[in-house]
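User: I have a model open and want to learn how to read its features. Can you take me through it?

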Amino acid sequence: MNNRIQELRQLQGWSQQDLALHLGVSRQTVNALERGRYDPSLPLAFSISKLFSLKIEDIFQPEP
């Protein structure tokens, strides 16, 4: 699944560790999410969506 997490994180001026702290996950999880190696659980996707004040579909897009 493609996502805009890295772009959104950088717009906030946050490091991966900063985002991890906001979400209650490890920095490694943020790294895996950004690189597309890990698809978030539904609760985590909602947390990311809420944190950035965007709809889930504005952050995550299925691969073609």
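Analyst: We will go feature by feature, general idea before case. This is a predicted model, where local features need pLDDT of at least 70, side-chain atom pairs count only at pLDDT 80 or more, and totals for chains, interfaces and linings use all residues. Residues are numbered from 1 along each chain as its sequence is written, and side-chain values use heavy atoms, with hydrogens and water left out.

User: Where is serine 49 found?

Analyst: Helices are DSSP runs of H or I with at least four residues, strands are E runs of at least two, and both are numbered from the N terminus. Serine 49 sits in helix H4, residues 42-52.

User: Is serine 49 buried or exposed?

Analyst: Buried means under 20% relative accessible area, exposed means over 50%, and partly exposed is in between (1.4 Å probe, protein chains only). Serine 49 is buried because its relative accessibility is 10%.

User: Which residues does serine 49 touch?

Analyst: Contact means heavy atoms within 4.5 Å. Leaving out residues up to four places away in sequence, serine 49 touches Leu54, Lys55, Ile56 and Ile59. A polar atom of the serine 49 side chain also lies 2.2 Å from the backbone oxygen of leucine 54.

User: At what angle do the axes of H2 and H4 cross?

Analyst: Axes are lines fitted to C-alpha atoms, for helices over the stretch in contact, and angles run from 0 to 180 degrees between N-to-C directions. The axes of H2 (residues 16-23) and H4 come within 10 Å and cross at roughly 110 degrees. So H2 is roughly perpendicular to H4, a label for angles of 65 to 115 degrees.

User: Which residues of H2 and H4 meet?

Analyst: Leu19, His22 and Leu23 in H2 meet Leu44, Ser47, Ile48, Leu51 and Phe52 in H4. The residues of this contact divide into six nonpolar, two polar and no charged. Here Ala, Val, Leu, Ile, Met, Phe, Trp, Tyr, Cys and Pro count as nonpolar, Asp, Glu, Lys and Arg as charged, and the others, Gly among them, as polar.

User: What does glutamine 16 touch?

Analyst: Glutamine 16 is also placed in H2. Glutamine 16 counts as buried because its relative accessible area is 14%. Beyond residues up to four places away in sequence, glutamine 16 touches Arg9, Arg27, Val30, Asn31 and Glu34.

User: How far apart are methionine 1 and leucine 33?

Analyst: In sequence they are 32 residues apart; in space, 9.3 Å, C-alpha to C-alpha. Methionine 1 lies in the segment before strand E1 (2-3). With a relative accessible area of 35%, methionine 1 is partly exposed.

Technical notes
Polar contact = N/O pair within 3.5 Å; in protein donor to acceptor, adjacent residues only side chain to side chain. Parallel < 35°, antiparallel > 145°, perpendicular 65-115°, else oblique.
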